[in-house]
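These are my notebook entries on a single protein chain. I set down what I looked up, topic by topic.

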Amino acid sequence: MDDGSLFQVGDILEFGDASNVPSTSGAPSGHYYKVTGIATHVLTIARFNVSTGVTETGGLRHAIVDDAKVLRHWEYYFQFSNAPTTSDDVSAAGGSLDEMHIVVVDEDGSITGTAGTILETFEGVSQAFDAKTSEGASNYYPQVIYQQSKFIYWIDHIATLSDGLTKVGTTFDNSVGDAFVVSNTSLASGTDDYVATNGEIATAYEKFADADAVDLSLLLCGPSQTGADTTGDTKATAVMDIATARKDCVAFISPYRTAVVGVQNPITQTANVKAFAQGLPSSSYAVIDSGYKYMYDRYNDVYRFVPLNGDIAGLCARTDTVADAWFSPGGFNRGQIRGAVKLAFNPNQTQRDELYKNRVNPVVSFPGQGTVLFGDKTAQSKPSAFDRINVRRLFIVLEKAIATAAKFQLFEFNDEFTRAQFRNLVEPFIRDVQGRRGITDFLVVCDNTNNTGDVIDRNEFRADIFIKPARSINFIQLNFIATRTGVAFSEVAGA
């Protein structure tokens with residue numbers, strides 16, 4: 001070795017003894033070493049195990065004669081089937097030498113725990129910004145990384161490579177003599193900005209604001225607390241406002257973490273949750289629960305507290321599967337919370353009553369019976385049929401389905417034929433809901449009584465749909481009466 005500058009740390013060298021040197025064609029000798037350090041003209045190397053991809057102890061396997069030929073391989077040579085050459089697309093257009101192989105490495109082990117772990121590879125990507133794969137997708141390497149990488153985005157073209165030229169008639173300078181150009185880039189000076197601000201969270205949730213563009217039934221708030229929102233009401237209110245404005249979904253809210261987690265006194269926990277709920281607006285399109293559950297996180301192999309609003313939304317989804325949306329998700333039949341080791345706040349009877357009066361649905365662990373959603377109230381403060389989850393979700397189902405049917409009346413004539421056609425679409429659907437215990441009675445009015453001449457002249461179409469929703473049982477009263485032996489039950493029961 002006369003000049004160490006021709007190598008770089010990480011290169012894989014291949015050579016043997018005087019009787020087993022590579023031929024001029026570059027045939028391998030089978031002995032590999034990895035360059036671990038360079039000082040001017042001196043290389044520090046270590047034995048390299050091709051099978052494991054790691055260095056091993058031990059010195060040179062053979063004495064090296066002067067002028068012996070050495071094959072130099074890229075550090076990640078064995079991760080690819082061939083050296084990069086010319087892609088088919090660029091070759092067909094008259095260009096050459098555009099291909100690149102790219103390796104994404106966990107350099108310091110902060111992702112995998114082991115420094116130098118290969119995270120992903122990209123073989124045969126192109127330097128030409130208009131290059132295509134055989135399937136017609138972009139093969140331009142920044143675009144490929146943007147679409148496929150799970151770890152990085154690559155924005156700027158590397159200055160030492162060709163400047164992202166078109167593929168036609170272009171020869172890319174990715175080789176110098178027999179050695180390919182290698183560019184190593186360490187991602188540094190980044191900022192771990194994982195804590196989202198209230199503004200960023202609001203902007204993200206606004207993606208769900210358009211009911212026409214996004215079909216949505218259940219909207220989860222997740223953890224209510226953020227760095228600048230210690231009581232959680234800013235984020236919770238934003239989520240509730242979206243659901244209320246859309247009128248076709250329900251938002252699920254949990255109190256902020258420190259309201260219940262780490263608080264030992266259940267009286268203080270009750271007061272914290274009540275105060276949180278009282279700070280939120282009234283809406284029948286939201287559901288508030290009582291806190292957090294302790295569960296196992298299999299992805300990180302730890303136990304952690306998580307808010308219960310995801311579980312309450314999950315109960316609604318499960319209710320849709322095993323029954324219908326107009327059944328209550330609470331109680332022992334459909335309200336079982338899964339995966340809960342314990343609750344941060346397990347309210348007793350008195351505390352449950354206090355929470356329920358303040359629009360909070362208690363989640364309770366009963367010995368031998370599991371963890372259960374023990375309520376089905378919405379966040380509406382004014383008493384009405386819509387202060388129950390099953391009634392609100394019933395009307396969402398009805399309104400969505402009937403609104404879809406009503407769209408087909410647009411630009412038709414407002415006459416008795418069209419009105420009868422609408423009634424024939426709607427009434428069987430509502431009758432089916434009635435047969436599945438969603439409502440007790442209904443009436444559809446769509447005739448000349450509500451489609452008067454003035455309504456017709458304004459190019460409008462009206463239908464009035466009256467619904468008597470089925471109500472869930474929230475309280476059970478059992479009266480036990482002791483009677484004399486000779487008393488007939490028909491007399492005391494009033495039969």
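Is R436 buried, partly exposed or exposed? I found that R436 counts as partly exposed, because its relative accessibility is 34%. Buried means under 20% relative accessible area, exposed means over 50%, and partly exposed lies in between (1.4 Å probe, protein chains only).

**Entry: basis of the model.** I note that this is a predicted model, in which local features need pLDDT of at least 70 and side-chain atom pairs count only at pLDDT 80 or more, while totals for chains, interfaces and linings use all residues. Residues are numbered from 1 along each chain as its sequence is written, and side-chain values use heavy atoms, with hydrogens and water left out.

**Entry: salt bridges.** I looked next at the partner of R436. R436 forms a salt bridge with D432, and their closest N and O atoms are 2.6 Å apart. D432 is partly exposed, with a relative accessible area of 37%. I wrote down the criterion: a side-chain nitrogen of Lys or Arg lies within 4 Å of a carboxyl oxygen of Asp or Glu. As a general point, side chains of opposite charge can pair when their charged atoms come close.

How many salt bridges does the structure hold? I recorded 17. One of them links R246 with D248, with 2.9 Å between the closest N and O atoms. Both R246 and D248 are buried.

Entry: I then turned to β13 (292-297) and β14 (302-307). Strands here are DSSP runs of E with at least two residues, helices are runs of H or I with at least four, and both are numbered from the N terminus. β13 and β14 pair in the antiparallel sense over 6 bridges. Two strands count as paired if DSSP finds at least two bridges between them. D297 stands opposite V302 in β14. The side chain of D297 also meets that of R304 in a salt bridge, 2.9 Å from N to O. D297 is buried, with a relative accessible area of 13%, whereas R304 is partly exposed at 34%.

Where is D301 found? I located D301 in the loop between β13 and β14. The hairpin has 4 residues between its strands. D301 is not a glycine, yet its phi is positive, at about 55°. D301 is exposed, with a relative accessible area of 56%.

**Entry: another positive phi.** I found a positive phi, near 70°, at F411, which is also a residue other than glycine. F411 is placed in the loop between α9 (389-407) and α10 (416-435). At 82% relative accessibility, F411 counts as exposed.

Entry: I looked up N390, which is found in helix α9. N390 counts as buried because its relative accessibility is 4%. Its side chain reaches the backbone oxygen of A470 at 3.3 Å. Leaving out residues up to four places away in sequence, N390 touches A325, W326, F327, S328, D376, A470 and S472. Contact means heavy atoms within 4.5 Å.

Which residues is R437 in contact with, leaving aside neighbours within four places in sequence? I listed W326, F327 and A470. R437 and F327 are 110 residues apart in sequence and 8.6 Å apart in space, C-alpha to C-alpha. R437 lies in the loop between α10 and β20 (439-445). R437 counts as exposed, at 62% relative accessibility.

**Entry: a parallel sheet.** I traced an open sheet of 4 strands in the order β10-β11-β12-β17, with parallel pairing. β10 (218-220) and β17 (360-361) stand at the edges with a single partner strand each, so one side of each has no neighbour in the sheet. Strand β11 (residues 250-253) is joined to strand β12 (residues 286-289) by 3 bridges. The bridge partner of F252 in β12 is V287.

Notes:
Polar contact = N/O pair within 3.5 Å; in protein donor to acceptor, adjacent residues only side chain to side chain.
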